[in-house]
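Here is a short briefing on one protein model. Look through the structure first, then read the points by topic.

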Amino acid sequence: MITSRIFDTITVEEYLEAEQDAEVRHEYVYGEIYVVAGASVHHNLVTGNVFFVLRNASERSECRVYASDMKVRVDEEVFYYPDVLVSCQDITDEYYENKPCVIVEVISKSTVRKDTQEKRLAYAGIDSVQLYLLVDSRKRWVKSYRRIGNKWEERLHSENDAIDIPCVDARLTLEDIYKKTNLT
């Protein structure tokens with residue numbers, strides 16, 4: 001997914017109002033708007049695979065699972081569209097979640113810096129986030145950041161790992177994530 005800046009600064013209220021009827025998605029970072037462009041076949045397959053497993057697991061919980069079109073409010077002036085999002089809190093707004101439990105970003109060449117640095121640090125600042133999962137759309141590569149107390153455990157996952165997903169009590173394998181792709 002490619003993002004590019006399109007406007008000068010606007011207020012949060014202007015952003016939220018405009019986004020309700022927008023034909024394309026935009027992320028909002030401290031007054032600046034960034035278009036969220038389309039994604040590759042592999043990006044969509046991987047996102048769908050992760051969503052499928054987590055959505056099925058969510059049937060046993062009160063949690064909701066979203067794919068791509070639900071915003072996360074990181075703080076008062078930052079909104080992102082994660083690729084997959086799990087939230088177990090009561091709904092407080094119709095257009096965004098502000099207390100996610102699990103966030104998954106599917107990275108590509110154009111988003112790797114933003115997803116591994118900017119968004120990782122931003123999501124770590126959300127108290128409710130227990131797991132941030134980075135999944136590559138170009139090769140079989142998955143890294144997790146799991147909150148353990150006040151610290152984050154970083155782990156690069158191998159082919160044989162089963163990744164425990166909190167909140168929905170799911171397990172993801174690389175086989176699940178990369179099903180129907182030809183990625184190695």
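**Disulfides and sheet at a glance**

The structure holds two disulfides. A disulfide here is a pair of cysteine sulfur atoms within 2.5 Å. This is a predicted model: local features need pLDDT of at least 70, side-chain atom pairs count only at pLDDT 80 or more, and totals for chains, interfaces and linings use all residues. Residues are numbered from 1 along each chain as its sequence is written, and side-chain values use heavy atoms, leaving out hydrogens and water.

**The C63–C88 disulfide**

- C63 and C88 are joined, with an S to S distance of 1.8 Å.
- C63 sits in the loop between α2 and β4, and C88 in the loop between β7 and β8 (96-97), so the pair ties together parts that are 25 residues apart in sequence.
- Helices (H or I, at least four residues) and strands (E, at least two) are DSSP runs, numbered from the N terminus.
- The S-S torsion of C63 and C88 is about 95°, so this disulfide is right-handed.
- C63 is buried at 10% relative accessibility, while C88 is partly exposed at 29%.
- Buried means under 20% relative accessible area, exposed over 50%, and partly exposed in between (1.4 Å probe, protein chains only).

**The C101–C167 disulfide**

- The sulfur atoms of C101 and C167 are 1.5 Å apart and form a disulfide.
- C101 lies in strand β9 and C167 in the loop between β13 (162-165) and β14 (170-173), so the pair ties together parts that are 66 residues apart in sequence.
- The torsion about the S-S bond of C101 and C167 is about 55°, so this disulfide is right-handed.
- C101 is buried, at 4%, and C167 is partly exposed, at 27%.
- With the bonded cysteines numbered in sequence order, the pairing is 1-2, 3-4.

**The sheet**

- Six strands form an open sheet with mixed pairing, in the order β4-β7-β9-β10-β11-β12.
- Its edge strands are β4 (64-67) and β12 (151-157), each pairing on one side only.
- Two strands pair if DSSP finds at least two bridges between them.
- Strands β10 (residues 131-136) and β11 (residues 142-148) run antiparallel, joined by five bridges.
- L131 has R146 as its bridge partner in β11.

**Helices on the sheet**

- Helix α2 (residues 41-58) packs on the sheet and touches β4, β7 (84-87), β9 (100-107) and β10.
- Helix α3 (residues 112-124) also packs on the sheet, touching β9, β10, β11 and β12.
- Contact means heavy atoms within 4.5 Å.

Technical notes:
Axes are lines fitted to C-alpha atoms, for helices over the stretch in contact, and angles run from 0 to 180 degrees between N-to-C directions.
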